[in-house]
Amino acid sequence: MLNLNTQFELIRQSATVAMADRILALKASGKSIVGLQVGDPDFGTHPAIAESAFQAMQAGQTHYGPSTGTLELRKAIAAKLQRDEGVDYDPASEILVTHGGIHAYYTAMQSILNPGDEVLIPDPSWATHSNMAIMLRGNVIRIPAPAENGFIPHFDSWLKALTPKTRVIVLNYPSNPTGAFPSRDYLQKLQDFAKEHNLWIVSDEVYGSLYYEGKPTSAADFEGAKERTILVNSLSKSYAMTGWRVGFLAAPARVIQNALKAGQNSITCVAPFIQKAAAFALTDPKIQDVTAEMRAAYGRRRELVIRLSHELESDRVKIIPPQGAFYFFLDLRELKMSSVEMCEKILDEEGVGLVPGSAFGEQGEGFIRMTIAASEEDVEAGFRKIVKWAERQ
Ligand SMILES: Cc1ncc(COP(=O)(O)O)c(C=O)c1O
């Protein structure tokens, strides 16, 4: 037998994908399913964005473009980062256009990681953060982010995990799957910690525009933070553009130079007509209003779940209202059942598609992720069914 890359033996097949396949099969068999498993906005991309891409296609922007991304888009990204996050990046040297946020993360980690480097990642968190680090032969150390602490790691957990091999901290705020984000003070302490121990902070801020009561602080928005901080972002969630596959990295120039090599040698470039539409989406004032409207709609759905939870008064389905993103990480630990089993049963018995919390790490066991990137009707029907099911156990 020919050898395979043994690193892949360390990566579990994504439970999110497995669940999605099961749901598709059930739907194909004619069963009606309330789909609350997706991480994809239920809003369409605004037609003016599509029109911008179409015009660029008609104007012949259908060939290779610069691997860094067009200067027009890099300038639009710099303007967005200044407008929304209050951070300054040089479009000429500190920004790289990528194939979505996932590719931004990939190029970031490829640029800085050496085999055996230790990477600290909160638990629970989006599985790709760990999987990618493992694929690149990093050693992932999970930092518990307990529900009892609002899904934010106790600060001393970072200290306890530190070894001479620690190189990177990966953050994702607002978080998938919990929607949590820490205070500015907490992030300041983490920056001080990173500085003292010479660590990179890779901050995935793809949900940065989706927040409810307060606005999250970007990891780069601190004195001296830019030299050790790498921002990962995309248009997927904030502009309802998941299928367009466009994102970006903002980082010190020497990281961008490595990331460019990683991009050039994996995807060549992001399609120029997509870049044209992305630049339009990031800068057009009307499109920013549309983003704000989507945020308001998610906010209404969030309120709906909070209201329902009060009304239904279930001890078995507890909510911790998300501060951002578009998920509830429901606490069903009371049932003492594995989260995979719960999701399978809820799907089979109530026809609601969800994601098991264990897909996000050990700390996610006993939780299930429910999206609010779905219609109010589906969110209400789905949540009621989950509670009904849990009360029957
Ligand atoms: C935390 C997080 N980062 C990145 C991504 C990927 O985003 P993109 O579509 O921009 O690749 C996702 C998608 O679910 C996500 O949840």
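**Entry 1: the two domains**

I began with the spacing of the domains: the centres of domain 1 and domain 2, taken over C-alpha atoms, are separated by 25 Å. I note at the outset that the model is a predicted one. I then wrote down the domain bounds, with domain 1 covering 6-44 + 288-392 and domain 2 covering 52-283.

Next I looked up the contact between them, to which domain 1 contributes 32 residues and domain 2 contributes 36 residues. On the side of domain 1 that touches domain 2, I asked which elements give two or more residues. I found α10 (285-312) and β9. The largest share of that side, 6 residues, comes from α10. By class, I recorded 14 nonpolar, 12 polar and 6 charged residues on the side of domain 1 that touches domain 2.

**Entry 2: the sheet with β9**

I followed β9 into its sheet, which is open, has 3 strands in the order β9-β12-β11 and is paired in the antiparallel sense. Its edge strands are β9 (327-331) and β11 (355-356), each of which pairs on one side only. I checked β11 against β12 (residues 367-371) and found an antiparallel pairing over 2 bridges. For V355, I noted R369 in β12 as the bridge partner.

**Entry 3: β3, β4 and the crossover through α5**

I turned to β3, which pairs with β4 in the parallel sense over 6 bridges. Between β3 and β4 the chain passes through α5, and I recorded this β-α-β crossover as right-handed. Within the pairing of these strands, P122 has I143 of β4 as its bridge partner.

I then examined helix α5 (residues 127-135) and asked which of its residues are buried. They are A127, H129, S130, M132 and A133. I recalled that residues three or four places apart on an α-helix point the same way, because the helix has 3.6 residues a turn. What covers the buried residues of α5 includes α4 (100-112) and the strands β3 (118-123), β4 (139-144), β5 (166-172) and β6 (200-204). After α5 comes R137, for which I noted a positive phi, near 65°.

**Entry 4: β5 and its neighbours**

I asked why β5 counts as largely enclosed by the rest of the structure. The reason is that 6 of its 7 residues are buried. I next looked up the pairings of β5. With β3, β5 pairs in the parallel sense over 3 bridges, and V119 stands opposite V168 in β5. With β6, β5 also runs parallel, joined by 5 bridges, and here V170 stands opposite V202 in β6. I recorded a right-handed β-α-β unit made by β5, helix α7 (residues 184-197) and β6.

Technical notes: Residues are numbered from 1 along each chain as its sequence is written. This is a predicted model: local features need pLDDT of at least 70, side-chain atom pairs count only at pLDDT 80 or more; totals for chains, interfaces and linings use all residues. A residue is buried if 20 or more other C-beta atoms lie within 10 Å of its own, exposed if 12 or fewer, and partly exposed in between; C-beta atoms are placed from the backbone. Helices (H or I, at least four residues) and strands (E, at least two) are DSSP runs, numbered from the N terminus. Two residues are in contact if their C-beta atoms, placed from the backbone, lie within 7 Å. Two strands pair if DSSP finds at least two bridges between them. A crossover is right-handed if, with the strands pointing away from the viewer, the path from the first strand over the helix to the second runs clockwise. Domain bounds come from an automatic or database domain assignment. Ala, Val, Leu, Ile, Met, Phe, Trp, Tyr, Cys and Pro count as nonpolar, Asp, Glu, Lys and Arg as charged, and the others, Gly among them, as polar.
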